[in-house]
Amino acid sequence: MTLVATLFPLVCWFAYNYGVPLFERRRPSLSVIMSMQRRRWVANAVKRDTPMDAILAGNLMGSVSFLASTSVLLILAVFTAFGNLTALMGTLDIVGIHAGYTTQDAQIHLFVTLTIFVLSFFSFTLALRQFNHFCIMLGAIEHSRHTKREEIDAIAQLNTLAAKNFNNGIRAYYFAVPMVFWFATEWLAIVASLVTVGFMIHREFFSSAHRVAASVAVLATRREQEHEEG
C-alpha cells in the first residue's frame, strides 16, 4: 500500500493529461478557449507594428524561465534529502508524524518526487524553447504584406503547444503537494491526489475564469462574423 500511495500522484498526473483531451470533445476547457485567443492575438499582431507583442511574449517567457529555475532548486532539495535520510526520518518523529515508513520507503518516495520535478523541468524548458520560436516567427512577419491564414494558424499553434507544455509543468507542482502529504500518512496522499484532480477539473471546465473566457470568445466570434458580413 505504501508503494501505491507513492505512485498514486504520478499516476493521477498522467491520467489527467491523457483524460482531459477526451473530456474536451464534449466541453471546451479553459486551455482550448485560450488557444482561440492566442490565434486572435497572432491575427491582430500581423496588422500592427508595435513593441506590444514583444513585451507580451517576453512576459510569458519570464514566467516560464522563473518556474524552470525553481524546478532546479527543488531537484537539488530532493537530492539533499537523499543525503540526509536519517535526519529526515528523525525530524518526522520529532514533529509527531509516525507513519511507520522504513528508510527504503522514504528513498522510493523521494525518487518518485525527484521524477516529478525532473519532468516538470523538462516541460518548462521545452515550453521556453517553443515560446522563443514563437517570438522569432512573430518577429519575422512582414507587416507590409498580407499574411496568409495558414501562417497565422502555424504561429498560433506553436504558441498553444508552448502553453500546453507550460501547463503540464504547472500540474507537476500541483501533484507534488500530495507527495508531501505522504509523509503524514499514505491515505492522505491518495486523498490529496484525488482532491487535486477535482480542483484542476473545476478550474479547467467549471471555474469563473472559464465562464469569463468563454463569454469573451463568443463575443469576439460574433464581432468577427458581423465584420465579415458587413
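## The aromatic cluster

Phe117, Phe124, Phe166 and Tyr173 are joined into a cluster by ring pairs. Here, rings of Phe, Tyr and Trp (its six-membered ring) pair if their centres lie within 6.5 Å; planes under 30 degrees apart are called stacked, over 60 edge-to-face, and the rest tilted. The structure holds 10 aromatic pairs. Take Phe124 and Tyr173: their ring centres sit 5.7 Å apart with the planes at 85 degrees, so this pair is edge-to-face. Phe124 belongs to helix H5 (residues 103-139) and Tyr173 to helix H6, so the pair ties together parts that are 49 residues apart in sequence. Helices (H or I, at least four residues) and strands (E, at least two) are DSSP runs, numbered from the N terminus.

Phe124 and Tyr173 are both buried. Buried means under 20% relative accessible area, exposed means over 50%, and partly exposed is in between (1.4 Å probe, protein chains only).

## About the model

A quick word before going on: this is a predicted model, where local features need pLDDT of at least 70, side-chain atom pairs count only at pLDDT 80 or more, and totals for chains, interfaces and linings use all residues. Residues are numbered from 1 along each chain as its sequence is written, and side-chain values use heavy atoms, with hydrogens and water left out.

Ser71 itself is in helix H3 (residues 52-83), and at 0% relative accessibility it counts as buried.

Thr113 sits in helix H5. It counts as buried too, at 11% relative accessibility. Leaving aside neighbours within four places in sequence, Thr113 is in contact with Val78 and Met179.

## Salt bridges

Side chains of opposite charge can pair when their charged atoms come close. A search of the whole structure finds 2 salt bridges, each being a side-chain nitrogen of Lys or Arg within 4 Å of a carboxyl oxygen of Asp or Glu. In one of them, Arg39 pairs with Asp153, and the closest N and O atoms are 2.8 Å apart. This pair links distant parts of the chain: Arg39 is in helix H2 (residues 30-45) and Asp153 in helix H6 (residues 149-181), 114 residues apart. Arg39 is partly exposed at 24% relative accessibility, and Asp153 is partly exposed as well, at 33%.

Arg203 forms a salt bridge with Glu204, with 3.5 Å between the closest N and O atoms.

## A nonpolar patch on the surface

Leu3, Leu7, Val11 and Ile108 make up a nonpolar patch on the surface, and together they have about 310 Å² of accessible area. Patches are built from residues with over 30% relative accessible area and no salt bridge, joining like charges within 9 Å and nonpolar side chains (Val, Leu, Ile, Met, Phe, Trp, Tyr) within 5 Å. The areas come from the Shrake-Rupley method with a 1.4 Å probe, and for residues only the protein chains shown count as cover.

Which helix gives the most to the patch? That's helix H1 (residues 2-23), with 3 residues. Leu7 has its place in helix H1, and at 34% relative accessibility it counts as partly exposed.

## Cysteines

A disulfide is a covalent bond between the sulfur atoms of two cysteines. In this model it is called when a pair of cysteine sulfur atoms lies within 2.5 Å, and the count comes to 0 disulfides. As for individual cysteines, Cys12 is buried, with a relative accessible area of 9%, whereas Cys135 is partly exposed at 26%.

## Two exposed helix residues

Thr86 is in helix H4 (residues 85-94) and is exposed, with a relative accessible area of 70%. Its C-alpha atom is separated by 7.9 Å from that of Thr103, 17 residues apart along the chain.

Ala54 lies in helix H3 and is exposed, with a relative accessible area of 54%. The C-alpha atoms of Ala54 and Gly139 are separated by 8.1 Å, while the two residues are 85 residues apart along the chain.

Definitions and conventions. Contact = heavy atoms within 4.5 Å.
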